[in-house]
Amino acid sequence: MENDRLQQIRHLLADMDGVIYSGEQALPGAADLVRWLEEQGIGLLYITNNSTRTPQQYVQKLAGLGIAARAEQILTSSLATRAYLERAAPRCTGLYLIGEDGLRQALLGDGYFQVEETRPAYVVVGMDHQLNYDKLRRATLAIRAGARFIGSNPDRTFPTPEGIIPGAGANLAALEAATDVRPTIIGKPERWMMEEAMRRLGAEAPHCAVLGDRLETDILGGKRLGLVTLMVLTGVHGREDIAGSEVQPDFVFESLVALKQAWEKARPESKRPGAKKGGDRAPDD
Ligand SMILES: [Mg+2]
């Protein structure tokens, strides 16, 4: 029964931080799992709520960890925000933007959207290490004048070596306090980002899994859409967190090594490498 759920997975949406790597270190089994997924023909898309980096920057980071990825395999909350806005707004729509390279390039890189400081149709807010009062003031005025308020991702904080620091969600909270308007949020666990990821892979819910380390984003987002939820304990949440949570993953693994072992066992014989029928070469070649 359990094996059936693993066996039917054709597409995988994988979170990165705490799953594939931790800081600048690849986590055990990451490169091996990625190669195996490729051999198995399981479609892989990396999804991250981080709005500050571009897909190219992630491709480089993964390459540095021995993992080959293509830019099309990376979906950041910035790219998901772009996809959302493109469906809602015509070319040349004006935005006021609080964010960094990842968000800027996704929204403004090809001129589909334009920066408009006085009367923007949208205020789009992500993580911004250069956030200041003037930016909050402009965004507040625009939202109060009727601009739609969009948040790239809900993460209120994130961990750093010096401790827990404010994230995009803290910026959104400041603007919500100043405007009494709740933002539309795109990133995990919201459906906009998860659906965009599935659209890019051509995936359907019963055959699509999400792999992550956080209950309230990765796992909750997957559950809401009826995906198979795979959790690893190499990131933010541990067994105590799961025990105390309403959000229960379908599968929990100590690491990617354990995940691959279980998944490999669940795959039908014919899909396993080495079990392919017909030899291109004789066994004793
Ligand atoms: Mg993570």
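How many bridges join strand S10 to S11, and do the strands run parallel or antiparallel? Four bridges join S10 (residues 157–160) to S11, and the two run antiparallel. This is a predicted model, in which local features need pLDDT of at least 70, side-chain atom pairs count only at pLDDT 80 or more, and totals for chains, interfaces and linings use all residues. Residues are numbered from 1 along each chain as its sequence is written.

**The S10–S11 hairpin**
- Strands are DSSP runs of E with at least two residues, numbered from the N terminus.
- Two strands pair if DSSP finds at least two bridges between them.
- A hairpin through two residues links S10 to S11.
- Thr160 has Gly163 in S11 as its bridge partner.

**Ile164**
- Ile164 belongs to strand S11 (residues 163–166).
- Ile164 is exposed because 10 other C-beta atoms lie within 10 Å (exposed means 12 or fewer, with C-beta atoms placed from the backbone).
- Leaving aside residues up to four places away in sequence, Ile164 touches Thr157 and Pro159 (contact means C-beta atoms, placed from the backbone, within 7 Å).

**The open sheet**
- Six strands, in the order S5-S4-S1-S13-S14-S15, form an open sheet with parallel pairing.
- Strands S5 (74–76) and S15 (251–253) are at the edges with a single partner strand each, so one side of each has no neighbour in the sheet.
- Within this sheet, S1 (residues 11–14) and S4 (residues 43–48) run parallel and are joined by four bridges.
- Leu12 has Leu44 in S4 as its bridge partner.

**Domains**
- The domain assignment, automatic or from a database, gives domain 1 (2–49 + 188–271) and domain 2 (87–185).
- Their C-alpha centres lie 29 Å apart.

Methods. Buried ≥ 20, exposed ≤ 12 C-beta atoms within 10 Å, placed from the backbone. Contact = placed C-beta atoms within 7 Å.
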